[in-house]
Amino acid sequence: MAEEREKYREYIGRELPPGKPYKVTAEAIQKYAQACGEENEEYLSGKIAPPAFSSVYTLKSLGGVISATKGLIKNPLKILHAGQAYEYFEPIRPGDELVSSGKIVDVYEKGKLLWVIVSATTNNQEGKKVSETKITIAVRPGGF
Amino acid sequence: MKWEDINEGDELPPYVKGPITREGIQAYGRASGDLNPIHMSEKAAISAGLGGVIAHGLNSMAFVCQMMTSWLGKDGRLKSVDVQFRGMVRPGDIVTSKGKVVRKYEEGGQKWVDVDIVQETLTEVAKGKITQFENVGIEWEESAKNGWLRNGDQLTYEVVKQERGEDKKNRIEFRIYRKQRSILGKATASF
């Protein structure tokens with residue numbers, strides 16, 4: 001199936017506005033671990049973040065996706081979360097301060113859907129990379 | 001799990017979660033910060049055309065991470081996970097994550113394994129009773145009113161209770177589930 005990319009050229013490569021630093025607490029890790037069904041005591045105790053905790057800080061520090069795609073996505077209720085990828089580098093512990101920076105790496109139409117691919121890198125307070133994230137969203141017809 | 005003990009083709013222990021509940025979905029929303037009304041409000045989810053609240057895809061992804069970390073234990077580390085969300089998870093669903101080792105190798109002075117991931121979701125669409133032998137018949141206790149059956153859906157069933165009465169008839173209680181894939185993906189672990 002052909003991908004229509006040309007008319008979205010201006011969005012591709014656009015940087016997201018820098019997110020606010022996210023301070024990791026044992027309570028936030030515990031709350032997330034409990035809510036997501038974690039069974040590992042080390043994560044439930046809040047000493048170290050489970051891998052899936054990435055979903056918390058990327059969301060918190062990536063408020064800019066909506067503003068960076070302004071004019072592109074007209075109805076947020078038509079957004080489907082189509083995919084997500086994480087690559088892990090440094091462990092995350094309470095007290096860490098995480099800052100994510102992201103950009104739109106691709107935008108195209110395919111199969112009646114609008115696909116938007118966002119990538120983000122998260123660093124800790126020591127400037128060390130903790131994770132890389134790729135978010136794939138698909139917007140249903142009528143949403144773009 | 002030690003790298004030496006892993007072989008290509010090995011299957012990870014299936015990781016089963018559920019039944020998913022509305023309260024659980026809301027708790028996930030609050031803990032993760034994703035308060036999108038399609039997860040939190042039945043009314044909003046219906047008006048968005050979804051038929052009811054759906055669980056967060058990232059919670060299903062968390063189950064995949066949990067399967068990986070509980071399989072790896074202290075010996076290995078989850079290095080990356082990459083998933084596509086293929087189907088929606090709803091209250092009542094049973095979610096089973098599965099993994100299969102597809103590659104075991106050494107690279108850059110480290111030991112690695114690649115795992116293919118499939119996550120299957122069972123949604124109860126009906127339950128019923130059959131009385132077998134003399135009067136063969138099916139009595140539907142509940143129609144598929146809570147189901148989201150579509151063309152091409154795979155159905156599976158589970159026998160909940162089976163007993164043979166004094167009249168020598170078998171009474172079988174069963175549940176019918178729609179089976180679909182909620183996630184396809186891959187993960188890599190380092191040792």
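**Group meeting: the A–B interface and the strands around it**

Let me start inside chain A. A:Y88 has A:S131 as its bridge partner in β5(A). Helices (H or I, at least four residues) and strands (E, at least two) are DSSP runs, numbered from the N terminus.

Some ground rules. This is a predicted model, in which local features need pLDDT of at least 70 and side-chain atom pairs count only at pLDDT 80 or more, while totals for chains, interfaces and linings use all residues. Residues are numbered from 1 along each chain as its sequence is written, chains are lettered from A and ligands numbered from 1 in the order in which they are written, and side-chain values use heavy atoms, with hydrogens and water left out.

Back to β5(A). β2(A) and β5(A) are antiparallel, with nine bridges. Two strands pair if DSSP finds at least two bridges between them. β4 of chain A, residues 113-123, also pairs with β5(A), antiparallel, over ten bridges. There, A:I117 has A:T136 as its bridge partner. β4(A) and β5(A) make a hairpin with five residues between them. In that turn, A:G127 has a positive phi of about 80 degrees.

Is β5(A) largely enclosed or open? Eight of its eleven residues, 129-139, are buried, so the strand is largely enclosed by the rest of the structure. Buried means under 20% relative accessible area, exposed over 50%, partly exposed in between (1.4 Å probe, protein chains only).

Now follow β2(A) across to the other chain. Five bridges join β2 of chain A, residues 79-88, to β2(B), and the two run antiparallel.

30 residues of chain B are in contact with 28 residues of chain A. Contact means heavy atoms within 4.5 Å. The buried area is about 2,400 Å², and carbon and sulfur atoms give 55% of it. Buried area is the accessible area (1.4 Å probe) that two parts lose on being put together, summed over both.

How many residue pairs are in polar contact between chain B and chain A? Eleven, with both residues at pLDDT 80 or more. A polar contact is a pair of N or O atoms within 3.5 Å; within protein, one must be able to donate a hydrogen and the other to accept it, and residues adjacent in sequence count only if both atoms are side-chain atoms. On the chain B side, β1 (15-17), α1 (22-32), α4 (57-72) and β2 (77-85) each give two or more residues. β2(B) gives the most, with nine. By class, that side has 16 nonpolar, seven polar and seven charged residues. Ala, Val, Leu, Ile, Met, Phe, Trp, Tyr, Cys and Pro count as nonpolar, Asp, Glu, Lys and Arg as charged, and the others, Gly among them, as polar.

Salt bridges next. The rule finds two across this interface. A salt bridge is a side-chain nitrogen of Lys or Arg within 4 Å of a carboxyl oxygen of Asp or Glu. B:K17 meets A:E39 at 2.7 Å, N to O. B:K74 meets A:E42, with the closest N and O atoms 3.4 Å apart. B:K74 is exposed, at 75% relative accessible area. A:E42 is partly exposed, at 34%.

Over all chains, the structure holds 16 salt bridges. Within chain B, B:R175 and B:E124 meet at 2.9 Å, N to O. B:R175 lies in β7 and B:E124 in β4 (residues 110-132) of chain B, so the pair ties together parts 51 residues apart in sequence. In chain A, A:E3, A:R5, A:D106 and A:K110 are linked in a salt-bridge network.

Last stop: B:Q84, in β2 of chain B. B:Q84 is partly exposed, at 37%. Leaving aside neighbours within four places in sequence, B:Q84 is in contact with A:A82, A:G83, B:S182, B:I183 and B:L184. The B:Q84 side chain also makes a polar contact with that of B:R86, at 2.6 Å.

B:S182 sits in β7 of chain B, residues 170-190. B:Q84 and B:S182 are 98 residues apart along the chain, with their C-alpha atoms separated by 8.3 Å. Is B:S182 buried or exposed? At 1% relative accessibility, B:S182 counts as buried. The B:S182 side chain makes a polar contact with the side chain of B:T121, at 2.8 Å.
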